Amino acid sequence: MVHPQEGDSVLESSPEPNKHEELEALEDDERNNKETSLDQTAMQSGEKEEVMQDMSSDEDSFSSIEKLYERAVFDYMSVSLWCDYVNALQELDPIVQQRLPAGISKARDLFERALTAAGLHVAEGRKIWEAYRKYEQDILLTIDETDTQAKEKQVQRIRGLFRRQLSVPLADMSSTLADYKTWEGKQGSVQDPNVLSAYQKALEMYNARVHFEEHVTRLDSPDSERLHHYLSYLKFEDTYELPARVQVLYERAITDFPTSPDLWLDYTRYVDKTLKVVSVVSNVYLRATKNYPWVGELWVRYLLSMERSHASEKELAEIFEKSLRCAFLTLDEYLDLFLTRIDGLRRRMASTGEEDQLEYTKIREVFQHASDYLSPHMKNTEGLLRLHAYWARLEAKLGKDITAARGVWENFVKICGSMLETWKGYIAMEVELGHINEARSLYRRCYSNSFSGTGSEYICHSWLRFEREFGNLEDFDHALQKVTRCLEQPRLVRMPQESNTIEENENNLRKNAHNKRKFGSDISKEHSPAKRQRGVDRVADKAAAANKHQGRNSSHETKVEEVNPRNNKSDDNLPPKESKTYSDQCTAFISNLNLKANYEHIRNFFSDVGGVVAIRILNDKFTGQSRGLAYVDFVDHEHLSAALAKSKQKLLGKRLSVLRSDPKRGRMESSAPKSLKEHADAPDHSSQKGSMSKETGDTSKLDVKDEGTSSREPRKNTFAVPRNVKPLGFTANRSKTEEDDEKPKSNDEFRKMFIR
């Protein structure tokens with residue numbers, strides 16, 4: 001059995017004077033239990049005979065052995081251990097050896113318990129059934145032949161065992177059926193067809209589970225792989241909605257993996273949801289908290305489960321006191337445990353109506369214990385505030401003591417008076433109870449305090465709102481006079497900061513304007529020949545619009561390119577940062593981490609894998625809290641592969657995703673996009689496309705397309721050009737006579753044409 005070490009506790013320096021004494025007493029109890037306990041391994045090994053021999057000299061030898069067996073079968077389920085138990089009962093118990101009615105009844109009760117606990121074990125359950133049938137057949141041989149009634153009753157008992165076994169999916173069912181047919185033949189009876197039909201159904205169920213059994217019983221497989229197969233097997237069994245089979249499978253899983261707290265958490269959730277037998281549920285929780293006493297969630301759910309089963313106050317108090325002697329990993333677990341206990345006491349008072357002073361005194365004692373226990377470690381935290389606010393509210397509502405409620409807040413103000421929420425909660429209670437003057441006095445006490453952030457301004461404005469709603473004009477004027485000076489100080493502090501911010505913005509605007517003018521001059525120089533050509537040739541409006549569109553495109557591209565040089569320049573001025581580089585050659589990337597998970601949790605999660613070199617948890621750069629992501633470096637690829645197999649397993653209640661870290665992928669994606677300059681230097685395929693289109697003859701469509709796409713090269717001017725000069729993109733598809741009519745003419749020929 002694994003128990004937490006002293007260094008695991010987060011409250012080692014607890015102010016409780018008897019804390020160390022309680023821990024020492026608990027360790028002494030565990031040491032005594034270890035000295036007198038007989039676990040599963042010892043009972044199945046050769047040490048069993050030595051223990052029996054040592055105890056045989058005592059008067060109550062079998063009674064001691066029976067107690068040890070009971071403790072062994074209570075902790076874990078084992079078919080072989082149950083078989084040893086029933087064999088020891090038959091060999092050592094005198095009343096069972098003599099086949100007295102009381103002894104036979106005792107043996108049958110033990111066999112039935114064994115069948116309930118492990119009779120549905122698919123791989124090994126048949127051993128218990130066969131031992132039970134053998135015992136009943138031996139009894140049949142001892143019955144006198146003349147006592148036909150007793151003999152027939154015993155035959156029916158054996159036949160019933162055969163029927164029950166053949167209706168359960170177990171390994172080697174064919175041999176059981178053969179034994180049944182042989183036995184029925186000896187009895188001279190006809191085989192029952194119902195037995196054969198039940199056998200066929202059980203065989204189908206076994207065939208559906210045989211591949212799961214092969215995986216979970218393969219001892220040479222890694223533990224993580226076997227645990228994954230167990231979880232898949234449990235999901236499969238849950239679909240059949242047979243709680244007994246699911247419970248037996250959970251028992252098998254925790255027997256093979258007793259060091260998996262997540263498995264215990266899943267098991268307890270299942271029994272809470274499905275099983276209604278109080279003894280079974282309490283048994284599971286008792287073993288879970290015994291194996292993992294440092295998991296606070298198990299104790300919280302243990303208390304809730306016992307409360308649902310209407311356990312007595314004495315039992316709940318014992319469980320609570322026992323849980324406080326354990327060392328939890330986080331302070332929130334202690335807080336959750338205290339609040340669960342208080343909730344239970346409050347509900348008990350509300351349901352029974354026992355609101356006397358003695359009952360509420362118990363709640364007050366738990367509150368006081370929680371405050372003394374947690375205040376030194378949870379100062380200025382939301383959890384401690386929630387505890388005291390709850391306490392004060394119950395003092396006013398259930399305890400009917402306003403003075404005690406104010407005393408709770410006053411003590412908390414001494415501890416966490418620098419928190420704005422402390423005063424807000426205190427004032428809210430007074431306002432809710434209708435005590436306006438007391439709330440006003442609290443505002444007067446705290447309005448001048450220095451709170452973090454904008455808390456000081458908030459409390460001043462809150463006082464003004466309070467006086468508007470509940471006070472008269474004099475109260476409002478008094479509050480306004482008080483808070484004006486307090487509000488002025490933050491404003492004076494912000495003024496230099498705001499002026500600096502304005503100056504920085506103006507400087508940035510001037511720099512941007514200067515850079516725009518600089519790049520604008522380059523653009524004008526680049527396009528100056530086109531402008532001169534437009535002025536000399538008097539280009540048409542259509543060409544001018546195209547050139548204007550081109551200028552806009554060029555200006556946009558230059559503006560986009562201008563961002564990168566400026567950013568690069570600013571980056572060059574930054575001082576170089578020394579950072580550790582990681583090759584990520586044998587690294588696993590963990591996601592979906594619980595935000596409370598720390599390095600020790602992750603290291604324990606991979607403890608069965610081993611080979612962990614380093615752990616890196618990613619935190620938010622603003623809040624400093626965990627982002628739920630981590631990198632884990634391993635010593636070689638073998639350990640990394642084993643770690644990857646633990647994906648989809650739970651840590652602190654969340655199912656992790658474990659993947660191989662691939663740094664090359666990130667570098668390839670970051671280097672894939674090209675710069676704008678490379679795109680600008682690339683060849684212009686639009687002009688090539690336009691030249692190709694001239695050969696096809698589709699001129700009208702391509703001219704329109706080129707106007708929208710070709711923005712780098714200006715179009716040639718065709719305005720006022722003689723008809724014999726072919727414009728850009730013109731394709732000669734006219735007849736030869738039309739070409740002869742359009743031969744070049746001299747100036748005299750033109751003059752004669754106009755004179756006519």
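Select Tyr 443 and Phe 466: both are buried (buried means under 20% relative accessible area, exposed over 50%, partly exposed in between, with a 1.4 Å probe and protein chains only). This is a predicted model, in which local features need pLDDT of at least 70 and side-chain atom pairs count only at pLDDT 80 or more, while totals for chains, interfaces and linings use all residues. Residues are numbered from 1 along each chain as its sequence is written, and side-chain values use heavy atoms, with hydrogens and water left out.

A pair of aromatic rings is described by the distance of the centres and the angle of the planes. Rings of Phe, Tyr and Trp (its six-membered ring) pair if their centres lie within 6.5 Å; planes under 30 degrees apart count as stacked, over 60 as edge-to-face and the rest as tilted. By this rule there are 31 aromatic pairs.

Tyr 443 belongs to helix H23 (residues 436-446) and Trp 463 to helix H24 (residues 455-470), so the pair ties together parts that are 20 residues apart in sequence. Helices (H or I, at least four residues) and strands (E, at least two) are DSSP runs, numbered from the N terminus. Trp 463 is buried, as is Tyr 443.

Now go back to Tyr 443 and Phe 466. Their pair is tilted, with 5.3 Å from centre to centre and 40° between the planes. Tyr 443 is in H23 and Phe 466 in H24, so this pair ties together parts 23 residues apart in sequence.

Leaving aside neighbours within four places in sequence, Ser 456 is in contact (heavy atoms within 4.5 Å) with Asn 449, Ser 450 and Phe 451.

Next, show Arg 465 and Tyr 458. The charged end of Arg 465 sits over the ring of Tyr 458, 5.7 Å from the ring centre. A charge sits over a ring if NZ of Lys or CZ of Arg is within 6 Å of the ring centre and within 35 degrees of the ring normal. Arg 209 lies over the face of Tyr 240 in this way, at 4.5 Å from the ring centre.

For a cluster of rings, select Phe 320, Phe 328, Tyr 334, Phe 338 and Tyr 373, which are linked by ring pairs.

Is Thr 289 buried or exposed? Thr 289 is buried, with a relative accessible area of 4%. Its place is in helix H15 (residues 278-291). The Thr 289 side chain reaches the backbone oxygen of Tyr 285 at 2.9 Å, and a polar atom of that side chain lies 3.1 Å from the backbone oxygen of Leu 286. Apart from neighbours within four places in sequence, Thr 289 is in contact with Leu 298, Trp 299 and Tyr 302.

## Fourth stop: the sheet

Strands of a sheet pair through backbone hydrogen bonds, either parallel or antiparallel. Colour the four strands of the open sheet, which follow the order E2-E3-E1-E6 with antiparallel pairing; two strands pair if DSSP finds at least two bridges between them. Strands E2 (612-619) and E6 (657-660) stand at the edges with a single partner strand each, so one side of each is left without a neighbour in the sheet. From one strand to the next, the twist averages 25°.

Select E2 and strand E3 (residues 626-634), which pair in the antiparallel sense over seven bridges. Ile 617 has Ala 630 in E3 as its bridge partner, and Val 612 stands opposite Phe 634 in E3. In the hairpin of E2 and E3, six residues lie between the strands, and Gly 624 takes a positive phi near 80°.

E1 and E3 run antiparallel and are joined by four bridges; the bridge partner of Thr 587 in E3 is Asp 633. Seven of the nine residues of E3 are buried, so E3 is largely enclosed by the rest of the structure.

## Last stop: the whole chain

Zoom out. The chain has 34 helices and six strands, and 36% of its 756 residues count as buried.

Terms used. Axes are lines fitted to C-alpha atoms, for helices over the stretch in contact, and angles run from 0 to 180 degrees between N-to-C directions. A polar contact is a pair of N or O atoms within 3.5 Å; within protein, one must be able to donate a hydrogen and the other to accept it, and residues adjacent in sequence count only if both atoms are side-chain atoms.
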